[in-house]
Amino acid sequence: MGETVVDVPPPADGGADGGKAASGGILRSGAIMAIGTLVSRVTGFLRTAVLVAALSTGALANAYNTANTIPNQIYDLLLGGILTSVVVPLLVRAKERDRTYGDQYEQRVFTLAVIGLAVLTVVAVLAAPLFIDVLAGSYKGDQRDIAVMFARFFLPQIFFYGVGAFAGAMLNTRNSFAAPMWAPILNNVVVIGVGGVFLAMAAGKVDPSSISDTEFMVLAAGTTGGIVLQTVALWPSLRRAGFRWRPRLDFKRGEIGQVGRMAGWTLVYVVATQAGLAVVTALANRAGDLGAAKGYGEGYGYTPYFTAYQMFQLPYAIVGVSVITALLPRMSRFAAEGKIADVRSAFSSGLRLSSVIIMPAAALMLVLGPEITTVLFAHGNTSADNALVIARVMQMFAIALVPFSTYQLMLRVFYSFGDTRTPALIGAVSVTANIILAFAAYNLLGVKWIVVGMAGGYAVTNAVGTLVCWLVLRRKLGGMDGRRIIGGHLKLLVAIWPLIGFAYAVHAVADAAIGTDTLLPALITMVVGAGGGGLLYLVFAKLLRVDEVQATIATFARRLPGGRR
């Protein structure tokens with residue numbers, strides 16, 4: 001696994017040269033991360049496709065996916081947000097203050113995290129039935145029993161998620177970003193194998209009452225085993241980066257209080273977001289059970305929502321997360337030094353770079369959604385109709401992609417200043433709106449459209465959150481570099497329309513001539529529509545002189561074999 005180094009740009013004054021320097025630094029920092037994340041997410045898609053083919057989108061899949069989200073929710077609730085928003089800036093500032101002190105501080109915080117994770121994991125495993133009742137109160141009989149059993153096997157993932165995330169944070173503070181982006185590939189490979197073995201073992205469609213003990217163990221132990229391997233794989237990179245764990249809890253006066261003050265508001269934010277997720281999960285599970293009771297089939301519940309959300313996350317994870325990971329230590333240093341103009345310039349560059357791929361990706365998901373889900377999911381025990389439900393939800397999520405990515409990047413600007421209070425307050429308002437819209441979708445829409453409406457509510461929520469966050473951050477930074485941000489996005493918007501027109505034409509012609517609800521026609525339509533539309537997008541972006549597109553192409557071209565560096 002290679003490692004890359006952040007190139008800190010020169011102080012920026014908001015002019016074009018400063019922006020280009022910042023963009024170049026972020027690109028060089030994020031290129032390997034983006035490639036690693038791309039491979040990770042492609043294998044993640046394959047993992048999801050194999051699991052959907054094996055489990056379909058009904059009762060067993062809902063039980064598996066609901067139980068498998070609980071470790072993520074608990075980890076995010078009690079530690080994940082603290083790691084990303086609190087620990088990284090604190091570690092950076094501690095090492096800026098004094099290298100020896102920073103190393104000792106890192107050892108103390110890591111030791112505290114390991115102990116806390118171990119205790120949290122034990123408590124969570126004991127509380128598995130309670131979590132299932134909260135997230136899936138509509139489950140009865142065998143479905144509830146199997147969901148609780150899955151949860152008991154999956155909840156130990158909390159410990160490994162936490163250790164892995166902390167290891168990634170420490171690598172990030174050492175300007176080493178590649179390993180955390182490549183490690184999830186190992187998990188994906190393991191789960192792909194698990195899904196393949198299950199599909200080969202099962203004789204037809206399996207439900208909660210017919211699954212055998214062996215089939216259950218393959219799914220349960222294999223899924224958690226992948227997370228364990230993903231975490232262990234980070235340790236060699238951490239050792240190469242110079243970290244040796246020496247347990248210690250000799251905290252200095254005020255250190256725990258400093259973490260607590262910053263973490264308190266982060267916890268408010270995470271509690272709000274996880275409460276929203278819990279409500280959406282419970283309502284989506286109820287929608288699935290309601291659809292089955294009315295004879296519509298089992299494919300209208302949580303699994304389509306969960307699967308579409310994973311697909312929606314792909315472009316953001318490839319680009320947005322890579323940019324954010326490279327930016328947070330950089331912005332934290334600038335903020336600690338009082339270089340507000342550099343923080344503003346880094347944010348502006350990061351946002352424009354992210355949108356280069358995120359905007360056309362959202363357009364393709366919106367236009368070619370049915371073809372994408374048919375190619376990926378209409379196999380095994382999952383029908384073309386089940387895949388179409390996933391497509392409809394994904395198309396709604398696609399609308400949220402740009403505001404969601406912008407919102408996440410703006411939150412990191414607040415965190416770089418050590419401000420966790422403002423994101424918490426904004427997040428509480430956004431989550432409240434999301435919960436209201438989710439209840440509205442459940443009560444006002446037909447059963448087949450409930451989860452689609454919930455995804456639409458998520459899009460509205462992120463748009464509102466982005467607007468509020470922009471207005472608040474504008475005052476904090478003394479401006480947002482709005483001319484370049486808005487100008488760059490308007491150019492991208494113009495460049496996207498030829499992509500949309502071409503992809504839609506290919507979709508319409510293929511659907512009318514041969515239909516696109518089977519694998520080969522859908523695959524041809526997807527490849528031609530995305531490939532041709534993508535080329536048109538690049539041509540028009542070049543004609544419009546979108547600097548970020550040209551810089552992105554040049555950066556990745558230099559990393560190809562034979563590329564000029």
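Helix 16 passes helix 17 in a right-handed crossing; a crossing is right-handed if the near helix is turned clockwise from the far one by less than a right angle, and left-handed if anticlockwise. This is a predicted model: local features need pLDDT of at least 70, side-chain atom pairs count only at pLDDT 80 or more, and totals for chains, interfaces and linings use all residues. Residues are numbered from 1 along each chain as its sequence is written, and side-chain values use heavy atoms, with hydrogens and water left out.

**Helices 16 and 17**

- Helix 16 spans residues 421-444 and helix 17 spans residues 450-477. Helices are DSSP runs (H or I, at least four residues), numbered from the N terminus.
- Their axes come within 8 Å and cross at roughly 155°. Axes are lines fitted to C-alpha atoms over the stretch in contact, and angles run from 0 to 180 degrees between N-to-C directions.
- That angle makes helix 16 roughly antiparallel to helix 17 (under 35 degrees is roughly parallel, over 145 roughly antiparallel, 65 to 115 roughly perpendicular, the rest oblique).
- On the helix 16 side, the contact residues include Ile-426, Ala-433 and Leu-437. Among their partners in helix 17 are Gly-453, Gly-457 and Val-468. Contact means heavy atoms within 4.5 Å.
- The contact residues divide into 13 nonpolar, 7 polar and no charged. Ala, Val, Leu, Ile, Met, Phe, Trp, Tyr, Cys and Pro count as nonpolar, Asp, Glu, Lys and Arg as charged, and the others, Gly among them, as polar.

**Helices 4 and 5**

- Helix 4 (residues 128-135) packs on helix 5 (residues 141-154) at about 125°, with the axes 9 Å apart. That makes the pair oblique.
- Helix 4 also passes helix 5 in a right-handed crossing.
- Ala-128, Pro-129, Ile-132 and Asp-133 in helix 4 meet Arg-144, Ala-147, Val-148, Ala-151 and Arg-152 in helix 5.

**Salt bridge**

- The structure holds 1 salt bridge (a side-chain nitrogen of Lys or Arg within 4 Å of a carboxyl oxygen of Asp or Glu).
- Asp-133 and Arg-144 form it, at 2.9 Å, N to O. Asp-133 lies in helix 4 and Arg-144 in helix 5, 11 residues apart.

**Confidence**

- The chain averages a pLDDT of 80, and 81% of the residues score at least 70. pLDDT is the predictor's confidence in each residue, from 0 to 100.
- Confidence is highest in helix 5, at a mean of 92, and lowest in helix 20 (residues 547-558), at 63.
- Over residues 1-27 the pLDDT is below 50. Where pLDDT is low, the predicted coordinates should not be read in detail.

How values were computed
Helices (H or I, at least four residues) and strands (E, at least two) are DSSP runs, numbered from the N terminus.
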